[in-house]
Amino acid sequence: MRLRVSVLNVRTFVSGAFGQNAYIAWRDGGSAVAIDPGAEADAMADFVAAEGLWCEAIVLTHAHLDHIEGVAQLVRRTGAATWLHPADQPLYDRVVEQGIAFGYRVEPQPPVDHPLQHGDALTFGATTFDVRFTPGHSPGHVVLYDAESATAFVGDVVFAGSIGRTDLPGGNMAELMNSIRQQVLTLPDETVLLSGHGPATTVAQERSTNPFLIGQYGGGFA
């Protein structure tokens, strides 16, 4: 049984070109985690330094270019280790080609240090993230759930009023819907969902109003 600890602090950084949300998460004690560093990696590193924090880890929900384009810069600035699910390693390795497909220049990223697997409990300082495997938007997508604060970093699985796209390489609609049903909607209703794009929402909000998930709009999965 986990003891309740101090509040989870979260700072959001929005990258302009893709409107992507990257996050710094931390509790008291100085150890911080960077989640999905996009084009605002320098601003993230500046924030960590200004707050007197130590960026202990860079954890990636998935390896689409807008979520990983800042990894190299953040590693250079902080020395943090990186974590990614192995099923998204091919996407990570082809980040330059991903950029070309969108007419966007991005540098090669450094090697991943640690694999993520479903059921992992990643502890950084006073924060523990439960890893939930959520393929569908990409083959190796994961959700990071902090039970103490009822907060989930859900990447591009689900958004406020929408769901992740499945038309990119490795996308699969049936897998995505199953991931949402089994790994997101099973979280407590009060869980705050911090998505890769757009505003925060909650499990209860998406269960009751998301047109892709509720029966009267044809979703039928909630």
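Modeller: β7 pairs with strand β8 (residues 127–133) in the antiparallel sense, and 4 bridges join the two. Please note that the model is predicted, that local features need pLDDT of at least 70 and side-chain atom pairs pLDDT 80 or more, and that totals for chains, interfaces and linings use all residues. Residues are numbered from 1 along each chain as its sequence is written, and side-chain values use heavy atoms, with hydrogens and water left out.

Biologist: Why are β7 and β8 said to pair?

Modeller: Two strands pair if DSSP finds at least two bridges between them.

Biologist: What makes a stretch of chain a strand or a helix?

Modeller: Both are DSSP runs, numbered from the N terminus: a helix is a run of H or I of at least four residues, and a strand is a run of E of at least two. β14 (201–202) is a strand in this sense.

Biologist: Why is one side of β7 and of β14 left without a neighbour in the sheet?

Modeller: The open sheet has 6 strands in the order β7-β8-β9-β10-β13-β14, with mixed pairing. β7 (121–124) and β14 stand at its edges with a single partner strand each, so one side of each lacks a neighbour.

Biologist: Which strands stand at the edges of the sheet that begins with β1?

Modeller: That open sheet also has 6 strands, ordered β1-β2-β3-β4-β5-β6, and its pairing is mixed. β1 and β6 (114–115) are the edge strands, each pairing on one side only. Within this sheet, β4 and strand β5 (residues 81–84) run parallel and are joined by 3 bridges. Alanine 57 has alanine 81 in β5 as its bridge partner.

Biologist: Which residues form the covered face of β7, and which the uncovered one?

Modeller: Leu122 and Phe124 form the covered face, while Ala121 and Thr123 form the uncovered one. In a regular strand the side chains alternate between the two faces of the sheet.

Biologist: Why does proline 135 count as buried?

Modeller: Buried means under 20% relative accessible area, exposed means over 50%, and partly exposed lies in between (1.4 Å probe, protein chains only). Proline 135 has 12% relative accessibility, so this residue counts as buried. Proline 135 is found in the loop between β8 and β9 (142–146). Leaving aside neighbours within four places in sequence, proline 135 is in contact (heavy atoms within 4.5 Å) with His141, Glu175, Leu176 and Ser179. Proline 135 and glycine 170 are 35 residues apart in sequence, with 9.0 Å between their C-alpha atoms.

Biologist: How do you know that the buried residues of α1 line one face of the helix?

Modeller: In α1 (residues 41–50), the buried residues are Ala41, Met44, Ala45, Phe47 and Val48. Seen down the helix axis, these residues fall within an arc of 160 degrees, so they line one face. The arc is that of the directions from the helix axis to the C-beta atoms. On the other side of α1, Ala49 and Ala50 are exposed. The buried residues pack against β1 (9–15), β2 (20–26), β3 (31–35), β4 (54–59) and α3 (71–78). Just after α1, glycine 52 takes a positive phi of about 70 degrees.

Biologist: What is the phi of aspartate 36, which is not a glycine?

Modeller: Aspartate 36 has a positive phi of about 55 degrees. This residue is found in the loop between β3 and α1. With 2% relative accessibility, aspartate 36 counts as buried.

Biologist: Where is alanine 150 found, and why does alanine 150 count as buried?

Modeller: Alanine 150 is found in the loop between β9 and β10 (151–155). Its relative accessibility is 14%, so alanine 150 counts as buried. The phi of alanine 150 is near 55 degrees, a positive value in a residue other than glycine.
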